[in-house]
Amino acid sequence: MQHFFPVNDNDNMFHNEIVRGCSSMQQLWETLLQEVEADSQAHGEIASVLGRQVSRDTLEKTFYRKLEARKLLQHRDCLDAVLSKSQHNLSKLRQDYKTAFSNHCQSPNSQVTLAAYLDAHNAYVNQLHATNAMVDLYSKETLPELLQLLISVTNKSESCIQAIRFIAPADSIVAYSSGTNVLKLLGKQVLA
């Protein structure tokens, strides 16, 4: 049969020391847990402040990258409009040239139809040279530069988004990651 209560005074003193030892060990443990919890809260607050500061700067940079990309795409659209207008003028002058040639063939001895034919020919050739020069410059220099700048902006935006995902909470990323997706889609359209 086991005794749950001390039988003599030595057992009683031993039991009291164990209880006191457990009590002081428990207090030590509680104190240690409180210190760890306080340190954890302090580290969490520091991380939160740093995260907000870094993510704010990163979000601002991403915003400016999006603006830069939009400006590049608007510039490309303007250049495309100029080229389209030039090609439209070229096709109109070509039609005028054909009409002047046809009129001159019907009355080959007329100085009036010859002058109209030569004027239409010169206007068409000048517009053809101008359009070809614009298309050549656009396709060999301007468009590759624009595409390179757009790719650079998109890559910088993607790296900013990765930094934000690492630091910031998910809900602050939504607007900017959708902007990067728009940039990717626009970049694919530009390359097409």
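These are my notebook entries on what I looked up in this predicted model.

**Ground rules**

I number residues from 1 along each chain as its sequence is written, and side-chain values use heavy atoms, with hydrogens and water left out. As the model is predicted, local features need pLDDT of at least 70 and side-chain atom pairs count only at pLDDT 80 or more, while totals for chains, interfaces and linings use all residues.

**Confidence**

I started with pLDDT, the predictor's confidence in each residue, from 0 to 100. The protein chain averages 75, and 67% of the residues score at least 70. Which element has the lowest mean pLDDT? I found that helix α3 (residues 174-191) does, with 47, while α2 has the highest, 83. Helices here are DSSP runs (H or I, at least four residues), and strands are too (E, at least two), numbered from the N terminus. I also marked residues 170-180, where pLDDT stays under 50. For that stretch the model has 16 contacts beyond four places in sequence, a contact being heavy atoms within 4.5 Å.

**Salt bridges**

Next I looked for charged pairs. Side chains of opposite charge can pair when their charged atoms come close. How many salt bridges does the structure hold? I got two, counting a side-chain nitrogen of Lys or Arg within 4 Å of a carboxyl oxygen of Asp or Glu.

Is Arg 76 buried or exposed? Arg 76 is buried, with a relative accessible area of 18%, whereas Asp 80 is partly exposed at 26%. My cut-offs: buried is under 20% relative accessible area, exposed is over 50%, and partly exposed is in between (1.4 Å probe, protein chains only).

The other salt bridge pairs Lys 140 with Asp 136, at 3.0 Å from N to O. This pair belongs to helix α2 (residues 111-167), and being four residues apart again puts about one helical turn between Lys 140 and Asp 136. Lys 140 counts as exposed, at 61% relative accessibility. Asp 136 is partly exposed, at 36%.

**Along helix α2**

Thr 131 is in helix α2. With a relative accessible area of 3%, Thr 131 is buried. What does Thr 131 touch, leaving out residues up to four places away in sequence? I listed Ser 86, Gln 87 and Leu 90.

Met 134 also lies in helix α2, and is partly exposed at 29% relative accessible area. With the sequence neighbours up to four places away not counted, Met 134 touches Val 82, Leu 83 and Ser 86. Met 134 and Ser 86 are 48 residues apart in sequence, and their C-alpha atoms are 8.8 Å apart in space.

Asn 122 is another residue of helix α2. Its relative accessible area is 43%, so I put Asn 122 down as partly exposed. Asn 122 and Leu 93 are 29 residues apart in sequence, with 9.7 Å from C-alpha to C-alpha.

**A surface patch**

Last, I checked the surface. Which residues form a nonpolar patch there? I noted Trp 29, Leu 32, Leu 33 and Val 36, with about 390 Å² of accessible area together. Trp 29 is in helix α1. Patches take residues with over 30% relative accessible area and no salt bridge; nonpolar side chains (Val, Leu, Ile, Met, Phe, Trp, Tyr) are joined within 5 Å, like charges within 9 Å. The areas come from the Shrake-Rupley method with a 1.4 Å probe, and for residues only the protein chains shown count as cover.
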